[in-house]
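Visitor: I have a structure open and would like to go through it with you. Can we take it one topic at a time?

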Amino acid sequence: MPSPALLIVIPLIVAGFLEGFRKLIPRWLADLVSVLTGLNNFVLASAWTIHALARTQVYWFGDWYPRGHMALGIGFVMDGAGCAVAALTGLLATLSLLYSWKYAEHGGGHYHPLMLVFLGAMSGFAVTGDLFNMFVFFELMSTAAFALCGLKTQEPAPLAGAFNFAVTNTVAAFMMLTGIGMLYSTTGALNLAQIGLLLTGRHDRLVLAAFVFLMTGFLVKAAAVPFHFWLPDAHAVAPTSVCVLFSGIMVPFGLFGAMRVYATVFQGSFAPTQVHWLFVGSGAVTALWGGMMCFAEHHVKRMLAFSTISHTGLMTLAFGLWSKDALTGLFLYLVAHGLIKAALFFTAGILLHRFRTISEPALFGRGKALPWTAVLWMLGGLGLAAAPGFALYAGEARVTSRAPWTEGIFLIAGVLTGGAVIRVGLRVFYGIGDRGPTDKSAEVDETPETDADSQRIPWFLFFPPLLCIGTAVALTFWPAFTNAAYSSAVRFLDFRSYAHAVYASATAMKMLTAAKEPLEPDLLFGLLRAGLAAGLAVWAVQHLKVPRRLRWPSHLEGSMDPVRSLQSGHPGDYVAWLTVGFAILGAAAFWLGI
Amino acid sequence: MLADFPYYIAAWIFLCGLYGIVRSRHLVHTVICLTILQSSTYVLLLAIGFRAGGYAPVFAGISPGVVTVDPVVQSLMLTDIVVETTVVALLLAMVVKAFEKGGTTSPDDLRFMRG
Amino acid sequence: MSEKRRLLLFLAGAVGLAAIYTAGILNMPAWGTYRGPYGDVIAGLVVFQRHATDVVNAITYDYRGFDTLGEEFILFSAVTGVTLLLRPESEEKKKKFEEGENPASFQDRAALSETVQVFTTAMFGFSVLFGIYIGTHGQLTPGGGFQGGLIVAAAPMLLYVAENTEAFERIISHPIADFLESVGASAYALIGVGALALGLPFLTNMLPLGTTGDIFSSGTIALISACVGLEVAAAFMGLTYEYLREILSRSRNEED
Amino acid sequence: MRFWGAGLLILIAASAFAIVRTDDVRNQVLALSFYGLLLGLMFFIFQAPDVALSQITVGAMALPLMVMLALTRMKHRAALGKGEKEKSHE
């Protein structure tokens, strides 16, 4: 196998050269080289996934093998989950770069290098086995993201969004570093496995405090309520191709980092306690809040951003259940959500390209000329509601199979987010009902990001969403994918085998086969969710035709002002909320952990 | 407890930084408070790696084998310092640009996206 | 949210944060009694394994060199971001600014005395030399590429102070600076790839280690440090230029 | 040494608070440079010469310089804007 370092190094080196020679390289060459680099990452990470499912392997940088149990350098732990997420990153980056081919704003040649750095950083974050290295990649990912967010500098709005994003995420990074320092003070180690071994059976307030600092850092990235305020601001202003990476993979990466650190560093320490229920609570609140805000939103990209909050909340909930089935479901969900959300952002980008606006009332009825885009959008909406046939459904079914009481939360979140997307689809593509209430955020209009003739929609705008939707459907019918998720989940939970892989030689492991699920009740729930989502959408659009007393869904759409004014756009507010969230998280952790 | 006071200083600086960002009325002020917040991690890391009577981990003047302070935290701090400067440079560029486009440096006016 | 409510909200959170931080501190090892093995193991090995005497730099550029690679790219993406954000807009707009009023600029000050000008020019040379010295002795004594690069980058500022704006601008806006900033970080990565080509893990120190105490000792540590120095120097000059570009071009126009 | 270090730490804590309480940004930058020097000094006292060198070049020099550059550019723009407005009045 080629060295896993190439996953990170190739994008970074290419980025350096593209930036250095940006005045000499024509646009098409920069596009081509970037797409090929992304594709290379996808292929390499996929090959490593297959390899890692057979055995977890460790790669020590600089040939610094551990002396005894003392890790001297930085190691990459190539396990199934990490490699698979890196492969998803590669796929989404390739599609985003293809999507921005030729016409998209490229910021004087700086766009491609930043995208590649972003890709390399996320790939490194997925597989690193060192706590401080994780921080470095977290920061690298963030820095590239901040810069990408401000790509459209013609208006002040992108800068406001990027500024809030940068301030909150930087505060989060310093919290993470504080947590790392606390752990280092008592263990004198930075390797995840080494810290985990040293903390096994040790449980005190220092470990809990470090846990709270680290988890806050990650959950800010994962946009858990009340750390989520930066996300809609950043998504609303970033260009479409960047939004795809933000929503599809960067935000779930916050959760993935939390899971990785919990599984390695804290699992041995927290085994006798119930700390993981913390994530169930945080996830449930986030899923419901995000769903509600999503349905109330009329700026299409902000709406999708709120749905990302909701779905990441559902994933956090699954993580908190901390069982093989929940984690299997979570991995399926993560991949499927990335694909569907990417497809929806791509489709929203087509609307922006064609009509030069992205606000729901302004787009009313104008999409009638785009029947195929309409199909993509509606399929995306159904997929988001986890309708049967989409991989999200498979993930959701697995999470709820062992914890039926979570079904309600999945139902509400799925109906609200899917319903919001379908509602937009009905209004924009079919012109059904009325324009709906206008709100301030819908008035903020985006400048178009493409400079081509907007009457034509070139194939490379159309191909990425099609591929995403197709893959999200196809994965359901591919048993090997479920089995791979199950094997990864089992190993992810098993800290002993992780530490063994780090310190001893890697042992071959059998590919596990996931148990077949009894599907009937879930199928029923899946159909119910899709039906309710569609129904809610129709109800909201046609609210004038229903009796006044039955109009509540339309109220859900409009009069949410006291709640929505929390999203104030003021960095001070966001940091104040961040502090409060930290305190709540800490109180819960100390309550559950001691 | 008194022996641990550098840690408390780190915690104090952390809170100061947060407080500064929350009460900030000028975006450049926000950025400067962020650097203060960051300096809390320097103090924390330095205090963690310190050893009473330890020498600097440079074996140019001293013989190998003497007690030194922890070199790893210092390496981490070097990384930390670079991270700080670069983030600040980026944030300042955003502030400058926001001022040029929106004509304001007050966080209250960042609410283009309210709702 | 009103300012008062925001502060109250923050106060509530801050109490919790302080409590949790304190809870952690109470269980931390007492100050000055750090036990942990990591740094000590490396400190025991470094002179023998890497022929370097500055342990911190050996860790930064070798044992944990992969972190530093990430760090260099953080710098790279930040400079790229600043260049992206502050890039001049369309020509038409630029012209409008050039027609504007003359703001209070550095040019308005009375001319500096010749002594000061001579002195700062001498200091310029000294700073560059000092930066190079610091940058090339990182494996032996405190310093290293990062610090050296910054000192070199600060040197042109002295020319600015001495009102030698022309030389200042010529140095910091030189295309080589822009190029080095972009490719310097990649060069670091390419050194790591060199090890891959030899069949070793990425970033393995594969060069001869030399004699301890020598300027060319410690293999790739010195080389990487030099790359970092070049990148940092170029990056900070680039940052300075991006901020001053407009002001400089104005003052140049006035002279014409 | 510990004594001096302790004094310095208290000074640092006090100046951190003073800086966040300062509303005028230009004063703040000067204070920030001083604060960077204090931190550098603390690193020297606590046996971290490498970090001290970095901190003095970055914290006391590069960072305040960057803030000053940003402020200068903003002031420059503001002056331009004013000039333009006056012109349009005429």
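Visitor: How far apart are the nearest C-alpha atoms of chain A and chain D?
Guide: They are 13 Å apart, and chain A and chain D do not touch. Contact here means heavy atoms within 4.5 Å.

Visitor: Which chains share the most contacts, then?
Guide: Chains A and C do, of the five pairs of chains in contact.

Visitor: Where do these values come from?
Guide: This is a predicted model, where local features need pLDDT of at least 70, side-chain atom pairs count only at pLDDT 80 or more, and totals for chains, interfaces and linings use all residues. Residues are numbered from 1 along each chain as its sequence is written, chains are lettered from A and ligands numbered from 1 in the order in which they are written, and side-chain values use heavy atoms, with hydrogens and water left out.

Visitor: How many residues are in the largest nonpolar core?
Guide: The largest nonpolar core has 384 residues. Such a core is a set of buried Ala, Val, Leu, Ile, Met, Phe, Trp, Tyr and Cys residues joined through side-chain atoms within 4.5 Å. Buried means under 20% relative accessible area, exposed over 50%, and partly exposed in between, with a 1.4 Å probe and protein chains only.

Visitor: Which helix gives the most to this core?
Guide: Helix 13 of chain A, residues 324–355, gives 21 residues. Helices are DSSP runs (H or I, at least four residues), numbered from the N terminus.

Visitor: And which residues have the most contacts inside the core?
Guide: Phe211(A), Phe266(A) and Trp377(A). Leaving aside neighbours within four places in sequence, Phe266(A) is in contact with Leu183(A), Val207(A), Ala210(A), Phe211(A), Leu214(A), Met215(A) and Val261(A).

Visitor: Back to helix 13. At what angle do the axes of helix 3 and helix 13 of chain A cross?
Guide: They cross at roughly 10° and come within 11 Å. Axes are lines fitted to C-alpha atoms, for helices over the stretch in contact, and angles run from 0 to 180 degrees between N-to-C directions. Helix 3 and helix 13 of chain A are therefore roughly parallel to each other; that label covers angles under 35 degrees.

Visitor: What meets what there?
Guide: Residues of helix 3 of chain A, including Leu88(A), Leu92(A) and Tyr99(A), meet residues of helix 13 of chain A, among them Phe331(A), Leu339(A) and Phe346(A). This contact divides into 13 nonpolar, three polar and no charged residues. Ala, Val, Leu, Ile, Met, Phe, Trp, Tyr, Cys and Pro count as nonpolar, Asp, Glu, Lys and Arg as charged, and the others, Gly among them, as polar.

Visitor: How do helix 4 and helix 10 of chain A cross?
Guide: Their axes come within 10 Å and cross at roughly 20°, so helix 4 and helix 10 of chain A are roughly parallel to each other. The residues of their contact are 14 nonpolar, two polar and one charged.

Visitor: New topic. Is Thr286(A) buried or exposed?
Guide: Thr286(A) counts as buried because its relative accessibility is 2%. Thr286(A) lies in helix 11 of chain A, residues 277–296. Not counting residues up to four places away in sequence, Thr286(A) touches Ala223(A), Ala224(A), Val225(A), Ile309(A), Ser310(A) and Gly313(A).

Visitor: Last one: how many residues of helix 16 of chain A are buried?
Guide: Nine of its 12 residues are buried, so this helix, residues 391–402, is mostly covered. Among the buried ones are Leu392(A), Glu396(A) and Arg398(A).

Technical notes: Helix = DSSP H or I, 4+ residues; strand = E, 2+ residues; numbered from the N terminus. Parallel < 35°, antiparallel > 145°, perpendicular 65-115°, else oblique.
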